[in-house]
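User: I would like a close look at a single part of this model. Please keep it brisk.

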Amino acid sequence: MIRRTLAVAVKELLQLKRDWRSTATLLGMPLVLLLIYGFALSFDVQHIRLAVIDHDGTQAARDVAQAFLESGYFDLIHRGHDQRVLDGLFDSGRAQAAIVIPDRYGADLEAGRAISVQFVLDGSDSQTATTILSYARQIVGSLSPVVRTPGGLAPIAPRPLVWYNPDLSSSRFLVPGLVAFILMITSVIATSLAVVREKEHGTMESLRATPLLAIELLLGKTLPYLLVASLSAAGSLLLAWALFGVPLHGSPLWLALVTLLFLFGGLGWGVLISTLSDTQQVAFQLGLLSTMLPTLLLSGFIFPISSMPKAVQLVTHIVPARYYLVALREIILKGAGPAVWWSQIVGLAVFAVAVLTLATVRTIRSL
Amino acid sequence: MRTLLNLLVKELLQLKRDPKILPILFVAPVIQLLVLGYAATTDIKHVELAVCDLDHTTASRELVDHFTSSTYFQLVSAVPSQDRLDPLLESGAARIALTIPAGFAADRISGRPGTVQIVADGSDAMAGTIGLGYAMTAVQLDSALGGVTSQVEVRPKVLYNPDLLSRNFMVPGVLAMISMVMTMMLTAMALVREREVGTMEQLLVTPLKPGQLILGKLLPYALVGFIEILTALPLVLYWFQVPLRGSLALLLVLCLPFMLCTLGLGLLVSTLTQTQQQAMMLAAFVFMLPQIYLSGFIFPIQNMPKLFQLLTYVVPLRYFVVILRGVFLKGVGLAVLWPQVLALLGLGAVILALARLRFQRQL
């Protein structure tokens, strides 16, 4: 069995060599993509376009505007006294946030009276809006004197501490996710056309005439791509470490094992798609539809799984990147051992075995 | 015109012949929208919280109540000693850990600020940051009840999306991405397949002009894409209840210049590649990923390095995102959105011209 599997693998390797352009793409693309998007993407919100409407005009009011600009998060795009311009500024998207300082602000501040400052913001991007609002609260809070009611308790001083990613840098968090996302797409693309191409070109019959078993055929088709994908995975992880400062706190061996399992699952998924489709077009559609958006949105890469509705959380269990991502973050950011993420390994292994079994059953039936 | 019509019918017939493609074209987008529309939420709720209260006073219990009574936190564990918190964070069972030291209430009564420690798991930066933000707010709130307020208060007024529901924007965005992926893939395959199967020669000896051939390949898929949007739109409006403040007609019309770009990109892919595999890689890696990442849909453009900000100007989805936000949430019309429409039309024209040029050279 091993000999026959290897024979198919060698044949497939030869084909990979002949189509060296595709092979080079499979090898190099993950690195290029990681390089580009690793630099481009971040959740940190900066250069917020701020309009200041100052009804007061005192020095105290100017201090507020100044504090916003000095925070480094805001860019001033408009300063004036007339609130009516705000509609136009927000509708056209020129302003993202506006602070409206009431008249008598300076006088009230001096007299110790309570003041409320209106802060208008564009909520259409809700996440950015939430972040902007918390910046604004911090800035205004730092300017404002604290008032204590007599006999009341003293304030609470929270001491926040962030573990595993002390400066909450989003690259340290996003880059592992990006690696998982890119590898998933690459591995599915690599194999999703592998079997269906033989069907479409009519060479499936010749394969059928050989004494090959279905499982040998599929394993033989998967192995060469596993080699290619492992190489590009190793490259991507190295790049993440060297360029983006993503640390490796855990064991490299565990990392390799988890990555191999994940790639195997991804490639197996591609093979399954390939056996399910009769034309490359269908395989192409299925391949991209089942990986691109689901891996992006359902893996916990960007959107935390715990905030999704229960039913959708269930669906995420058939997205292999979900398991890989958890294991990846645990191993490289936290340095945790298998006791913590063994369930992810089980998830990945079950997925890989399930898709390859399904693919084998499908192939046997169509043989 | 007749020849064009013939080609259109031929393409549609070909689509119909593959029994598996129809469900993919019309059922898959609906299912995807249903699942992904729910998944794409940045409204963080139920952040897993672990508490270690070493003070055991009314004040400390009130603080804990403040955390647990909101929907933002879900108390997973209350532990008696601080070192029991570590394994909870390590295993990911808790994302935020709150420690109230002994003497917390006594300090506050005697006028010293009472310190509490909040540890956030930063390995998931989004949940970590937002969870930490919630925690700080809860602490402030508790402080205020205890008799401390700040003199200047921020009164937020959120325009367009007062409840800050991420769904209101994410769902239309997901629809745009799904239709982009579908239309681009379909057209990307259109010419490559003819070339691979060898029927390209036959098409070339027909009296069809290259422009007609391209048009004949684009129109059926434009039709398919438009029908897809029409079937998915009711879901967006009635199932997810995304408010549509602008005009529905305008929204539908403005889908056209966007589809012109995605269809054109698909066509360009098919003139640049020899095999369907190459087409798939080129479409996925070079044309789809930038649309997803550089469009401002998930990652705000203003945070990107300058070079990448420049790059986003050639990404059609970037303009469509502004259009979607404008029509759905802001209720604005062409008076505001014309620059986006012009940009999409311009990009579409350039893409089609490039595809046409490539196509001619291959003849």
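Which helices do the buried residues of α2(B) pack against?

Analyst: This is a predicted model, in which local features need pLDDT of at least 70, side-chain atom pairs count only at pLDDT 80 or more, and totals for chains, interfaces and linings use all residues. Residues are numbered from 1 along each chain as its sequence is written, with chains lettered from A and ligands numbered from 1 in the order in which they are written.

The partners come from both chains. In chain A they are α12 (280–298) and α13 (310–315). In chain B they are α1 (2–17), α7 (167–197) and α9 (210–239). Helices here are DSSP runs (H or I, at least four residues), numbered from the N terminus.

The buried residues of α2(B) include B:I21, B:P29, B:Q32, B:L33 and B:Y38. Buried means 20 or more other C-beta atoms, placed from the backbone, within 10 Å of the residue's own.

Now the helix itself. A kink of about 40 degrees lies at B:V27, shortly before the proline B:P29. That bend is the angle between axes fitted to the seven residues ending there and the seven starting there.

Next, the chain contacts. 101 residues of chain A are in contact with 102 residues of chain B (C-beta atoms, placed from the backbone, within 7 Å). On the chain A side, α12(A) gives the most, with 13 residues.

Technical notes: Helices (H or I, at least four residues) and strands (E, at least two) are DSSP runs, numbered from the N terminus. A residue is buried if 20 or more other C-beta atoms lie within 10 Å of its own, exposed if 12 or fewer, and partly exposed in between; C-beta atoms are placed from the backbone. Two residues are in contact if their C-beta atoms, placed from the backbone, lie within 7 Å.
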